[in-house]
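I open this notebook to record what I looked up, entry by entry.

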Amino acid sequence: MHDPNDLYDTTFRLFTLQSPFLMGKTQRAIALLSDQRFVDLVTNLHYFERRYDAILAQHNEQRDSMASVRGTRFRRVESLYYDYIHDQSTEVRSMLNLIGDQ
């Protein structure tokens, strides 16, 4: 892990991915560790803020006004899923407010 890092404990631990058969995995690990959203807390929170907003916006666009009356087999699961996304979105915004970055 890169230091400084807001998301992960950077205490030294041996981490190797070197093998002629695993070069793709090595490159993937390097790419992940080079992405700011995996090492910077504010960048990570903004990333998830955008993801959750997009999911909720798409859900609102697809909402059928008669769905609550007609129902579907998955209405309960769908409701739980979107409630979870909404709660996570609220939590991310709360964290950004605590940090002072909006």
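Entry 1. I looked up a polar contact and found one of 3.2 Å between the side chains of Glu 49 and His 46. A polar contact is a pair of N or O atoms within 3.5 Å; within protein, one must be able to donate a hydrogen and the other to accept it, and residues adjacent in sequence count only if both atoms are side-chain atoms. I note that this is a predicted model, in which local features need pLDDT of at least 70, side-chain atom pairs count only at pLDDT 80 or more, and totals for chains, interfaces and linings use all residues. Residues are numbered from 1 along each chain as its sequence is written, and side-chain values use heavy atoms, with hydrogens and water left out.

Entry 2. I placed both partners: His 46 lies in helix 2, and Glu 49 lies in helix 2. Helices (H or I, at least four residues) are DSSP runs, numbered from the N terminus.

Entry 3. Is Glu 49 buried or exposed? Glu 49 is buried, because its relative accessible area is 17%, and buried means under 20% (1.4 Å probe, protein chains only). His 46 also counts as buried, at 17% relative accessibility.

Entry 4. I then listed contacts (heavy atoms within 4.5 Å), leaving aside neighbours within four places in sequence. Glu 49 is in contact with Val 92, Arg 93 and Leu 96. Val 92 is in contact with Leu 45, Phe 48, Glu 49 and Tyr 52.

Entry 5. Val 92 belongs to the largest nonpolar core, which has eight residues, including Leu 45, Tyr 52 and Leu 96. Helix 2 (41-62) and helix 4 (75-99) are the elements that give two or more residues to this core. Such a core is a set of buried Ala, Val, Leu, Ile, Met, Phe, Trp, Tyr and Cys residues joined through side-chain atoms within 4.5 Å.

Definitions and conventions: Buried means under 20% relative accessible area, exposed over 50%, partly exposed in between (1.4 Å probe, protein chains only).
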